[in-house]
Amino acid sequence: MQITSPSFKKNARGALSNVQLQKALGNVRLGFIDKRIKAVDALPEFDALRDSARDIKDHALAHLDLYLEAYEEKVTAAGGKVHWAETAEDARKAILGICRAAGARTVTKGKSMITEEIGLNDFFEENGIRPVETDLGEYIIQLRGEHPSHIIAPAVHLNKEQVEEDFRRVHTHLPEGRDLTEPETLLAEARRVLRAEYFAADVGITGANFLVAESGTSVIVTNEGNGDLTQTLPKVHIVVASIEKIVPTLDDVGQILRVLARSATGQDMSVYTTFSTGPRRPDDPDGPEEYHVILLDNGRSSMLGSEFQDMLRCIRCGACMNHCPVYHAVGGHAYGWVYPGPMGAVLTPSLIGVDKSGHLPNASTFCGRCEAVCPMRIPLPRMMRHWREREFSRRLNPATQRYGLRAWAWFARHPRLYQLATSFAIPGLSLLAGRRGRFGYLPFAGGWTRHRDLPAPESRTFMQQWRDRETLKQGGSA
């Protein structure tokens, strides 16, 4: 996947002028925000569960090495195999080796952001293996040659007319009179095509919402059941997961699940929650003959102990982007890599470097809604500020911005001079604005005035008004 994060501003301009995309983004509020509010309001202990979920993940991260080793022992004891992958390339090679040993030509996949992160589909096609996405949204964007625009709703940027057009283009067996105008008929068509793919696949690949150290279990949550068919019908099941997905016990999973679906889709629980431990046992009626887990680091261990460690608590619910005004305006593709929205603005620089994603920490209004709704209480705005500081210290932002920040910092360290300068600047700006009371253009404020007027100050400085107020409170006259 080509990284276009440095072109975020250009991507955002394109998204803002895309009429169809703007219409589709209107579904984000209807589909997520209102449902989350209703689900949270119905659970009085929701905030207490958030605290508990945060503490569970913090404990797991503080003892990550021990829990990962315990997890590997349990997977091995259950007949599975753990493959450690330090980089994306290591993960791809390990997966390819398993697939070739199985003689795989077709691989079915459940929705997995980690496989997006390592570019698995392109890698499969380069090596003669046909990947088939089985999540409905992922299947649709695979037909279009696109990538997910949301971590739980990958095709949220599309409408049903576009999906019908794609189905008629790719499903050449369809008669012209076949009704594909409703979501139900589109779903039935996708289900019919994918049923055959499940049985043709030699290997099934899923991600994991959680890895349980005490039992060696991988856990996935879905609403379509595609994950279950992907991992039980082929003879080989590969789980691809990053190291921070570990939790100590099954009880811990139960607690975090109570905040996951409510935060993601406003459901009490996802329709399917599937626990898998090892390959098929002799008395099992079905299941894979082989069970492999790819444990990916890809830069995450370097986040441990840093100011970005809290990001490793993320359970990929998407609540932050569902509530982000920037995401609502530009959608997920504008962010230019796998992870969009506020969580992407923190995670992407951590994984690929702030030099390749420098605009993302600035793609925020800092309204704080992302942190307010995060079920794991991740301080996203604070971490975006850390990345902005690093941008500044590495001189990655434009020179005008750096000089402006230096000037601001100098005045902030000299409050008397700051107050003196603003006492002249505010009446000066008010005078320049004249009767209109606003500016259509102002030097160094072109990003604002290009799209809207800038209101001129109408009063005195805050400090002057504060002094007046205190004087009045003490019985004097301002």
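This is a predicted model: local features need pLDDT of at least 70, side-chain atom pairs count only at pLDDT 80 or more; totals for chains, interfaces and linings use all residues.
**Overall fold**

- Along its principal axes, the C-alpha trace of the protein spans about 90 × 60 × 45 Å.
- When contacts between residues at least 6 apart in sequence are taken, 72% of them join residues that are at least 24 apart.

**Helix H9 and its cover**

- Helix H9 runs over residues 160–170, and within this helix the residues Gln162, Val163, Glu164, Asp166 and Phe167 are buried.
- The cover over the buried residues of H9 includes helix H2 (19–41), helix H8 (136–144) and helix H10 (183–200).
- As background to reading such a pattern, an α-helix has 3.6 residues a turn, so residues three or four places apart point the same way.

**Cavities**

- The count comes to three cavities of 30 Å³ or more, and the largest cavity holds about 100 Å³ of space.
- Of the 15 residues that line the largest cavity, Cys314, Cys317, Cys320, Met343 and Cys374 are the closest to its centre.
- Sorted by class, the lining of the largest cavity consists of 13 nonpolar, one polar and one charged residues.
- The second largest cavity has a volume of about 80 Å³, and it is lined by 15 residues, with Cys324, Pro342, Ser364, Cys367 and Cys370 lying nearest its centre.
- Helix H15 (341–352) and helix H16 (369–373) are the elements that give two or more residues to the lining of the second largest cavity.
- By class, the lining of the second largest cavity has nine nonpolar, five polar and one charged residues.

**Buried charged residues without a salt bridge**

- Glu138 lies in helix H8, one of the helices that cover the buried residues of H9.
- Glu138 is buried yet has no salt bridge, and the nearest side chain of opposite charge, that of Lys111, is 5.3 Å away; a salt bridge would need a side-chain nitrogen within 4 Å of a carboxyl oxygen.
- Once neighbours within four places in sequence are left aside, the residues in contact with Glu138 are Lys111, Glu116, Glu133, Pro148 and Pro154.
- Lys245 sits in the loop between strand S7 (236–242) and strand S8 (246–247).
- Lys245 is likewise buried and without a salt bridge, the nearest side chain of opposite charge being that of Glu244, 5.6 Å away.
- Not counting residues up to four places away in sequence, Lys245 touches Lys57, Ala208, Asn209, Phe210, Leu211 and Arg316.

- Why is Arg438 classed as partly exposed? Arg438 is given this class because its relative accessible area is 35%, a value that falls between the limits of under 20% for buried and over 50% for exposed.
- If residues up to four places away in sequence are not counted, Arg438 touches Ala433, Asp453, Leu454, Pro455 and Ala456.
- Arg438 and Arg192 are 246 residues apart in sequence, and their C-alpha atoms are 60 Å apart in space.

Technical notes
Residues are numbered from 1 along each chain as its sequence is written. Side-chain values use heavy atoms; hydrogens and water are left out. Buried means under 20% relative accessible area, exposed over 50%, partly exposed in between (1.4 Å probe, protein chains only). Helices (H or I, at least four residues) and strands (E, at least two) are DSSP runs, numbered from the N terminus. Contact means heavy atoms within 4.5 Å. On a 1 Å grid over the protein atoms alone, a cavity is a set of points where a 1.4 Å probe fits but cannot get out, and a pocket is an open set with protein on both sides within 12 Å along at least five of seven lines; lining residues have an atom within 4 Å of a point. Grid points are joined across faces, edges and corners, and a volume is the space filled by probe spheres set on the points. Ala, Val, Leu, Ile, Met, Phe, Trp, Tyr, Cys and Pro count as nonpolar, Asp, Glu, Lys and Arg as charged, and the others, Gly among them, as polar. Lys and Arg count as positive and Asp and Glu as negative; His and the chain ends are not counted.
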